[in-house]
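The following report describes selected features of one structural model. The sequence and the structure are shown first, and the description follows.

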Amino acid sequence: MEENAQQHLSALRELITSAKSMPMSSSCVVNRGEALDLVAKLEAAMPAELDQARGVIGDADEHVRRAEERAAEIMAEAERRAAELADAEHVAVLARERAEQTRTAADADAEGLRTETDAFIDARMASFESVLHKTLSQVTLARERLSERSDLDAEQVDEQPLTGPDDEVQH
């Protein structure tokens, strides 16, 4: 089984704690050969474990770097999508505003055309009314002259049926 630095440190600790103490002192007697052997094993195990730790740290750094890149991609995509949505909302707002302006302009144009048409029709009807009024006045005047000339009674004239040039008068 491969021994690691932790096991060598534990063995060194055990060697020191189990060493014989010197009377009236905090010093102890440690077997120099055993201690140096453990230190050598520790030194031998350290580079391999340091390399392994460096590899783990490198892997962790790589994972962190990838996670940061992915987070940056996600943020960039979210910002792009938010900008698209904001643009789409802006376009929709502009479209609604433009539609409202167009509707308002169309309503105003329609009202203007309605007013213009009503004025045109009123002018034509006034002209027609004037012509009818003149015609009625001429007809009334003509009947009065006829009545005076032919000594016709107004009641007789009203009782006579109206006929045209192709109509026959039947009694």
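## Helix packing, loop and surface features

The buried residues of H1 are in contact with H2 (contact means heavy atoms within 4.5 Å). The model is a predicted one, in which local features need pLDDT of at least 70 and side-chain atom pairs count only at pLDDT 80 or more, whereas totals for chains, interfaces and linings use all residues. Residues are numbered from 1 along each chain as its sequence is written, and side-chain values use heavy atoms, with hydrogens and water left out.

Helices (H or I, at least four residues) and strands (E, at least two) are DSSP runs, numbered from the N terminus. Helix H1 covers residues 5–17; at 1.5 Å a residue, its 13 residues should span 18 Å, and its end C-alpha atoms are 18 Å apart, in agreement. The expected span is taken as 1.5 Å times one less than the number of residues.

Which residues of H1 are buried? They are Ala-5, His-8, Leu-12 and Leu-15, where buried means under 20% relative accessible area, exposed over 50%, and partly exposed in between (1.4 Å probe, protein chains only). Seen down the axis of H1, these buried residues fall within an arc of 80°, so they line one face of the helix; the arc is that of the directions from the helix axis to the C-beta atoms. The face turned away from the buried side of H1 carries Gln-6, Arg-13 and Thr-17, which are exposed.

Between strand S1 (20–21) and strand S2 (28–29) there is a loop that holds Met-24. Met-24 has a phi near 60°, a positive value in a residue other than glycine. Most residues other than glycine have a negative phi. Met-24 is exposed, with a relative accessible area of 88%.

Together with Phe-120 and Ile-121, Met-125 forms a nonpolar surface patch with about 330 Å² of accessible area. Patches are made of residues with over 30% relative accessible area and no salt bridge, with like charges joined within 9 Å and nonpolar side chains (Val, Leu, Ile, Met, Phe, Trp, Tyr) within 5 Å. The areas come from the Shrake-Rupley method with a 1.4 Å probe, and for residues only the protein chains shown count as cover.

Side chains of opposite charge can pair when their charged atoms come close. A search of the whole structure finds twelve salt bridges, each being a side-chain nitrogen of Lys or Arg within 4 Å of a carboxyl oxygen of Asp or Glu. Three of the pairs are listed below.

| Salt bridge | Closest N to O distance |
|---|---|
| Glu-73 and Arg-70 | 3.4 Å |
| Arg-103 and Asp-107 | 2.7 Å |

Glu-73 and Arg-70 are three residues apart in helix H2, and therefore separated by about one helical turn. Glu-73 is partly exposed at 47% relative accessibility, and Arg-70 is partly exposed at 49%.

Glu-100 lies three residues from Arg-103 in helix H2, about one helical turn away, while Asp-107 lies four residues from Arg-103 in H2, about one turn of the helix. Relative accessibility is 42% for Arg-103, 39% for Glu-100 and 42% for Asp-107. Elsewhere, salt bridges that share partners join Glu-62, Arg-65, Arg-66 and Glu-69 into one network.
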